[in-house]
Amino acid sequence: MTLLVTGGAGFIGSNFVLDWLGQSDERVVNLDALTYAGNLQNLASLQGDARHVFVHGDITDRALIDRLLAEHRPRALVHFAAESHVDRSIHGPGAFMKTNVEGTFTLLEAARAHWNALQGDEQSAFRFHHVSTDEVYGSLAPDAPAFTETHPYEPNSPYSASKAASDHLVRAWHHTYGLPVLTTNCSNNYGPYHFPEKLIPLMIVNALAGKPLPVYGDGRQIRDWLYVGDHCSAIRAVLAGGRVGEVYNIGGWNEQANIDIVNIVCGLLDELRPDPAGPYARLITYVKDRPGHDRRYAIDARKIERELGWRPAETFATGIRKTVQWYLAHADWVANVQSGSYRDWLSQNYAAR
Ligand code: NAD
Ligand code: DAU
């Protein structure tokens, strides 16, 4: 049996592949375009492991997807590949439309043709699992109830609009063609291999380098943080037992304001790698806000718990400690991802703030 995973060299995808092969001998074919966010170093521990087949390619390449489906006959396609950073979507939305919308469309069409040609058990077992985000639901008022699966779609950034579009395509391919799809909408992840353009790893690497810790606006925006290993276990649960055509929200029951997250990270670094120059929080710098910045996300994860018995295993205290420890132990990984293009991004996003 085989899984076809897209985007398995990125942050969540690589955690998923490592986690999957840590618990199962089912082969993973991993299709990834290796954009700035894709990194084969994340998968170095799988070198020489015949259960992992890496394919360098693009999800908009229909001929390639057709060939992979015909050759490997996966029982499921788990679709992580995306442009994923909101700030980059503000600077350049085109790549988000191409990968997140056209790429998902291409995968759906290829999967539909493949699934139609399957028969019997192979056809009834096939699943298209679309990995999506809570950002499609828009922003919550301070006292509004958390997002359920029936919350209206109100995407506010080019990124979330492109993900919302992809969710709608997935829904339509099920409704119209009967393609056996599953969609998961997850909150903010953190953990190992998180590219340091996102809040938590950026704060860790900047603090260690003695650089400013840029907090957008007033820092009181709220996100619902989930350890990446818990996202992986939720996807496994949905793939195994989720009802076809259903949506499952995944979250950590852990709403926190950005400034509190930054202070927690600083406190852990003060404990684990004290800086003789003083507490890391001295580096916190309030900067110009993100345009259209969503104020609050929160996930109501009761459906996945009720139907599939899934709950996060990590608390924020255990997950963030593991994460900071991972970055401290992987200075080589951090140095390798801070390439010229990473430095160009930092100056594009932060120089004028
Ligand atoms: P990421 O940016 O770290 O990784 C994306 C991966 O996709 C990279 O390996 C990249 O090379 C690959 N990729 C990009 N364009 C591609 C293309 N055209 N063809 C093939 N591969 C391509 O992203 P992530 O944070 O790991 O997110 C993975 C998925 O989970 C995304 O769909 C994202 O929307 C969703 N998600 C992310 C979070 C989060 O907090 N990071 C939360 C909820 C949902
Ligand atoms: O909610 C799920 C989403 O979480 C995923 O779909 C996205 O792929 C993922 O990138 C993430 O989006 P956010 O925009 O919430 O994540 P980010 O880490 O970029 O920012 C988290 C919060 O921190 C947000 O309110 C913006 C703020 N921020 C971010 C950066 C990079 C800062 O204050 N300073 C920063 O330098």
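1. A polar contact is a pair of N or O atoms within 3.5 Å; inside the protein, one atom must be able to donate a hydrogen and the other to accept it, and residues adjacent in sequence count only if both atoms are side-chain atoms.

2. The model is predicted: local features need pLDDT of at least 70, side-chain atom pairs count only at pLDDT 80 or more, and totals for chains, interfaces and linings use all residues. Residues are numbered from 1 along each chain as its sequence is written, chains are lettered from A and ligands numbered from 1 in the order in which they are written, and side-chain values use heavy atoms, with hydrogens and water left out.

3. His293 also reaches ligand 2: one of its polar side-chain atoms is 2.7 Å from an oxygen atom of the ligand. Leu199 uses a polar backbone atom instead, 2.8 Å from a ligand oxygen atom. Alone, ligand 2 exposes 680 Å², and the protein buries 94% of that (accessible areas by the Shrake-Rupley method with a 1.4 Å probe).

4. Around ligand 2 there are 25 residues, of which Thr133, Asp134, Tyr159, Arg290 and Tyr350 come nearest (near means that a heavy atom of the residue lies within 4 Å). Strand 8 gives the largest share of this shell, 3 residues (strands are DSSP runs of E, at least two residues, numbered from the N terminus).

5. The UniProt annotation "domain: NAD(P)-binding", from an unreviewed entry, covers residues 4–323; such annotations may be inferred rather than shown by experiment.

Key
Helices (H or I, at least four residues) and strands (E, at least two) are DSSP runs, numbered from the N terminus.
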